[in-house]
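Please open the model in a viewer and keep the selection panel at hand. The stops below go from the whole chain to single residues.

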Amino acid sequence: MDAPRSRLEPPPLPEYSCSYVVSRPVFSELAFQQQHERRLQERKTLRESLARGCSCSRKRGLGVLKTLLPILDWLPKYRIKEWLLSDIISGVSTGLVGTLQGMAYALLAAVPVGYGLYSAFFPILTYFIFGTSRHISVGPFPVVSLMVGSVVLSMAPDEHFHTSSGNGTAFNATVIDYAARDAARVLIASTLTLLVGIIQLIFGGLQIGFIVRYLADPLVGGFTTAAAFQVLVSQLKIVLNVSTKNYNGVLSIIYTLIEIFQNVGNTNLADFIAGLLTIIICMAVKEVNDRFKHKIPVPIPIEVIVTIIATAISYAANLEKNYNAGIVKSIPRGFLPPVLPPVSLFSEMLAASFSIAVVAYAIAVSVGKVYAIKYDYAIDGNQEFIAFGISNIFSGFFSCFVATTALSRTAVQESTGGKTQIAGIISAGIVMIAIVALGKLLEPLQKSVLAAVVIANLKGMFMQVCDIPRLWRQNKIDAVIWVFTCIASIILGLDLGLLAGLMFGLLTVVLRVQFPSWNGLGSIPSTDIYKSTTNYKNIEELEGVKILRFSSPIFYGNVDGFKKCIKSTVGFDAIRVYNKRLKALRKIQKLIKKGQLRATKIVKEFQRIDVNVYFASLQDHVIEKLEKCGFFNDNIRKDIFFLTVHDAVLHLQNQVKSREVQDSILETITLIQDCKDPLELMEAELIEEELDVQDEAMRSLAS
């Protein structure tokens with residue numbers, strides 16, 4: 001009995017016993033097109049294209065309507081008996097988590113926590129109608145919330161709201177008007193949300209959802225990891241309950257850390273203990289949920305449980321009064337009437353709104369695609385732009401901040417059995433109950449607990465650091481992009497860091513196109529297979545033939561590199577050889593004029609050192625482009641283009657044989673012309689050689 005194979009031993013490769021033999025003529029592009037007729041491509045005029053694009057039928061109108069309103073496509077197909085119960089369970093679980101996360105992420109957006117509940121409610125209503133993903137949970141996300149908060153803090157810092165307060169003595173104390181500050185910040189956040197929604201809607205209308213392709217996975221990974229670090233620092237001061245200035249821009253995170261450590265002696269122990277216990281408990285239970293997710297039917301909603309317990313303890317122990325703990329204090333009850341944000345602020349936040357719009361969209365689409373692939377359905381990138389644009393415009397009128405999707409909340413919605421956005425609507429109902437009835441009960445909750453919940457949910461983003469070794473093994477450039485974007489986003493801030501990472505990523509693309517890989521090819525004996533001479537052994541290079549493979553489209557940016565590749569492959573510079581030929585030719589012509597050299601030998605020598613260039617395996621559209629550009633003329637014809645490398649090589653071998661025959665005949669004729677003896681004396685000596693040459697020529701031509 002054979003011993004079991006080691007796990008580390010690779011599986012045996014399949015053996016292919018079959019082979020094939022193909023017999024066909026050597027095809028140049030010209031010969032192939034003459035023998036095989038191409039299909040005529042019908043080119044429509046602009047008028048015909050517009051007429052077809054603007055034509056309307058009932059079927060087409062219904063298709064357009066379903067594209068703009070995806071709910072009309074999936075809701076009639078909803079399986080009530082199979083899906084409704086799962087969606088209800090998922091909606092309740094997601095709603096509880098969404099309620100807590102909405103309040104927690106409001107701290108990142110620098111607005112009162114109650115407005116986080118609005119941001120967890122209103123966007124779901126419109127995405128339910130316009131969205132194409134069945135599983136994502138729409139609402140606040142820490143990275144986007146932090147980007148919103150940086151804009152809010154830069155436009156409404158505490159220094160703008162200092163007031164003098166007299167206390168009956170000769171001294172006046174400077175205090176902050178918190179009511180005016182919070183109102184201004186809410187107004188700025190809602191205005192930014194409206195502008196982000198408008199930008200997203202314009203992008204969707206212009207069908208430029210492809211823009212997310214330029215946000216490569218390494219770039220997004222480095223950016224979100226840096227954002228997680230920014231979130232950690234911003235929430236650390238809340239957990240410790242120490243006051244710092246609101247820094248923005250370059251090195252703001254460094255300045256914030258320095259001030260936190262300078263004031264660490266003022267830490268509130270009640271807040272610190274509550275926050276630390278929350279972090280430990282939440283991360284431990286989340287680890288249990290991940291490890292036993294196949295055995296636990298519903299993930300343990302630890303954030304909700306911890307919040308309820310922490311609120312009860314804070315209320316019973318009166319932590320605010322006895323230990324000066326920072327609590328939520330006030331949560332608005334009910335909904336605020338819609339208000340038109342001041343569009344006059346658009347000019348001050350336009351640059352930041354572009355980056356927020358793209359990042360929010362990229363996060364939502366990347367998460368949506370993961371579940372779309374898992375459950376075998378498609379999401380429309382352009383429609384997602386429209387859906388989130390409408391959601392943010394709608395939410396901007398109700399004092400919300402920018403919405404996208406949260407990874408942890410979406411994971412809860414999917415893992416608890418959510419099938420469609422019905423689960424999203426039910427989760428919105430749970431948030432609405434909290435807004436209308438439960439807000440008062442959450443007022444004793446410590447802010448440090450909310451900050452700790454945010455920190456506990458950053459584990460997934462911090463774990464992306466483990467991707468660096470894998471990226472380095474797969475593609476070192478991708479690993480460099482990840483590290484560069486992460487460091488730039490930490491040092492420069494999220495908006496400038498994202499821009500720097502995007503520019504660096506595009507620069508690597510330009511460099512990869514401008515300096516692509518290339519190699520010389522040789523043939524594997526007795527086959528039509530051609531491989532790199534540097535990567536494989538036992539590769540034959542044909543005498544007098546150099547084959548170059550250039551792995552990139554040729555354009556103005558890499559044409560110089562293409563020339564260098566040719567020079568390196570053939571071993572000489574064609575221009576320098578040509579110039580030397582001209583100089584030699586001038587000298588030779590002077591000798592000819594003096595009668596010291598005959599022209600026939602010169603022609604023969606120049607013919608022997610001519611260099612011919614051939615092309616192989618070009619796409620049809622490339623050849624069509626060459627025709628339009630006037631590439632072909634009497635000297636450069638289509639017969640120098642071949643279907644495959646092997647076709648070109650066979651043609652060259654045949655040309656070499658024919659040329660050898662012609663050279664022998666030319667040399668014979670030259671010798672006859674140079675001979676001073678009569679022709680009759682030479683005939684006896686040359687007749688056999690000429691016959692041999694003619695026979696060889698005939699055999700070569702016949703073959």
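This is a predicted model: local features need pLDDT of at least 70, side-chain atom pairs count only at pLDDT 80 or more; totals for chains, interfaces and linings use all residues.

Residues are numbered from 1 along each chain as its sequence is written, and side-chain values use heavy atoms, with hydrogens and water left out.

**Whole protein.** Colour by secondary structure: the protein has 29 helices and nine strands (DSSP runs, H or I of at least four residues for helices and E of at least two for strands, numbered from the N terminus). Of its 703 residues, 40% are buried (under 20% relative accessible area, with a 1.4 Å probe and protein chains only; over 50% is exposed, and in between is partly exposed). Taking contacts (heavy atoms within 4.5 Å) between residues at least 6 apart in sequence, 78% join residues at least 24 apart.

**H10 and H22.** Select residues 217-240 for helix H10 and residues 476-492 for helix H22; their axes are 7 Å apart, at an angle of about 30 degrees (lines fitted to C-alpha atoms over the stretch in contact, with angles from 0 to 180 degrees between N-to-C directions). H10 is therefore roughly parallel to H22 (angles under 35 degrees). The crossing is right-handed (the near helix is turned clockwise from the far one by less than a right angle). Show side chains at the contact: H10 contributes residues including Phe 223 and Phe 229, and H22 residues including Trp 482 and Ile 490. By class, the contact has nine nonpolar, six polar and one charged residues (nonpolar: Ala, Val, Leu, Ile, Met, Phe, Trp, Tyr, Cys and Pro; charged: Asp, Glu, Lys and Arg; polar: the others, Gly among them).

**H19.** Next select residues 447-456, helix H19, where nine of the ten residues are buried. Among them are Val 449, Leu 450 and Ile 455. What do the buried residues of H19 pack against? Their partners are H10 again, with helices H5 (80-108), H12 (269-291), H13 (302-317) and H20 (459-462).

**Two loop residues.** Most residues other than glycine have a negative phi. Select Ala 110, in the loop between H5 and helix H6 (114-119); its phi is positive, about 65 degrees. Ala 110 is buried, at 14% relative accessible area. Finish at Ser 399, in the loop between helix H16 (381-396) and strand E4 (404-405). Ser 399 has a positive phi near 60 degrees and is buried, with a relative accessible area of 15%.

Technical notes:
Angles under 35 degrees count as roughly parallel, over 145 as roughly antiparallel, 65 to 115 as roughly perpendicular and the rest as oblique.
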